[in-house]
Amino acid sequence: MLLPEEVSRYSRQLLLSEIGVGGQEKLKKAKVLIVGAGGLGSPVAMYLAAAGVGTIGIADFDQIDLSNLQRQIAYISKDIGKQKSEVISAHLKEMNPLVNIITHNAALTGKNAFDILKDYQIAVDCSDNFQTRYLLNDACVLLGKPYVYGSVSELKGQASVFYAKEGPCYRCLYPEPPSLALKPCMTSGVLGVLPGVIGCIMANEVLKLAIGKQSVQPKLLTGRLLLFSAWEASFDELKILKDESCLVCGREPSIKELIDYEEFCGLKKNGSACFSLAPHSP
Ligand SMILES: [Zn+2]
């Protein structure tokens, strides 16, 4: 049941036959975990809270740095030095007091990933490093949950939905993390608006996953890699096939527990973790 305040707040969504009261009630019941509260996590969290996703978890261990403000739009200058998870949670609660925000002030690891993920239906990868990406993919495959993926670097971004029950997982596309020796990980530049574009696409996928079919079945990015070039103002799309020999979602998977890739890519605990796109073009 929607409260009178919810009927008013979400009235422009309720008018859509693709959402309606049934879809809004599903959003209210939805539990979504956002991993990473940076450039991608800011728009994803803000749009999901505004749309009325009932429970939003924010997992982030980082603090706000001056250099974040060019693209991490949930934060303002006076937030510098504070914990991202705490600042964004307070911001979301002010935006929409009707949604429940849960803060996980921690990095996702092989030890805590199942525990953090177990109560959520959908995970959103707004991380900026390969460790978290592979960990989240494997955890979602092993728990049977969908995972909305996005990444950005320089002037390009990509997004997809990985759901091993219905299509490929991230390892079907990129089986192994890049070798540190072969792919030295450097902090690259990024156009500030780019995580905004990709983050909005990710939020859109989350909403469709949560709402499902009301009047019309939504078409998801499952099995599709959406590519966006900011400088060329162009979208492209690649088909991703499920790999029957995938290490984690294939017929005979060898990965049955979570792996912590601690050393590669030089993840720093306090700030400039590498902000990079997928290691190679598919
Ligand atoms: Zn797979």
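**Close-ups of a predicted model**

**View 1. The β7–β8 hairpin.** Strands β7 and β8 form a hairpin with four residues between them, and alanine 233 in the turn has a positive phi of about 50°. This is a predicted model: local features need pLDDT of at least 70 and side-chain atom pairs count only at pLDDT 80 or more, while totals for chains, interfaces and linings use all residues. Residues are numbered from 1 along each chain as its sequence is written. Helices (H or I, at least four residues) and strands (E, at least two) are DSSP runs, numbered from the N terminus. Here the two strands are β7 (224–229) and β8 (234–239), with alanine 233 in the loop between them. They pair in the antiparallel sense over six bridges; two strands pair if DSSP finds at least two bridges between them. Look for serine 229, whose bridge partner in β8 is serine 234. Alanine 233 has 7 C-beta neighbours inside 10 Å, so it counts as exposed. For burial, the cut-offs are 20 or more other C-beta atoms within 10 Å of a residue's own for buried, 12 or fewer for exposed, and in between for partly exposed, with C-beta atoms placed from the backbone. Strand β8 lies largely in the open, because zero of its six residues are buried.

**View 2. The loop at glutamate 154.** Glutamate 154 sits in the loop between β5 (147–153) and β6 (156–162). Its phi is near 55°, a positive value in a residue other than glycine. As background, most residues other than glycine have a negative phi.

View 3. Eight strands make an open sheet with mixed pairing, in the order β3-β2-β1-β4-β5-β6-β7-β8. At the edges are β3 (100–104) and β8, each pairing on one side only. From one strand to the next, the twist averages 15°. Axes are lines fitted to C-alpha atoms, for helices over the stretch in contact, and angles run from 0 to 180 degrees between N-to-C directions. Helix α5 lies across β2 (55–59) and β3, running at about 180° to β3. Helix α9 (residues 193–211) also packs on the sheet, touching β1 (31–35), β4 (122–125), β5, β6 and β7, and its direction makes about 175° with that of β5. For contacts, the rule is that two residues' C-beta atoms, placed from the backbone, lie within 7 Å. Zooming out for a moment, the chain has nine helices and eight strands, and 43% of its 282 residues count as buried.

**View 4. Helix α4 against helix α5.** The axes of α4 (residues 41–51) and α5 (residues 84–95) come within 9 Å and cross at roughly 30°. The two helices are therefore roughly parallel to each other. Angles under 35 degrees count as roughly parallel, over 145 as roughly antiparallel, 65 to 115 as roughly perpendicular and the rest as oblique. The crossing is right-handed, the term for a near helix turned clockwise from the far one by less than a right angle (anticlockwise is left-handed). Ala45, Met46, Ala49 and Ala50 of α4 make the contact with Ile88, Leu92 and Met95 of α5. By class, that gives seven nonpolar, no polar and no charged residues. Ala, Val, Leu, Ile, Met, Phe, Trp, Tyr, Cys and Pro count as nonpolar, Asp, Glu, Lys and Arg as charged, and the others, Gly among them, as polar.

**View 5. Helix α4 against helix α9.** Helices α4 and α9 pack at an angle of about 40°, with their axes 8 Å apart. They are therefore oblique to each other, and their crossing is right-handed. On the α4 side you'll find Ser42, Pro43, Val44, Tyr47, Leu48 and Ala51, which meet Gly196, Gly199, Cys200, Met202, Ala203, Val206 and Leu207 in α9. This contact has ten nonpolar, three polar and no charged residues.

**View 6. Methionine 202 and its surroundings.** Methionine 202 belongs to helix α9. It is buried, with 30 other C-beta atoms within 10 Å. Which residues does methionine 202 touch, not counting those up to four places away in sequence? They are Leu40, Val44, Val124, Val148, Gly150 and Ala159. Cysteine 126 is 76 residues from methionine 202 in sequence, yet 9.1 Å from it in space, C-alpha to C-alpha.
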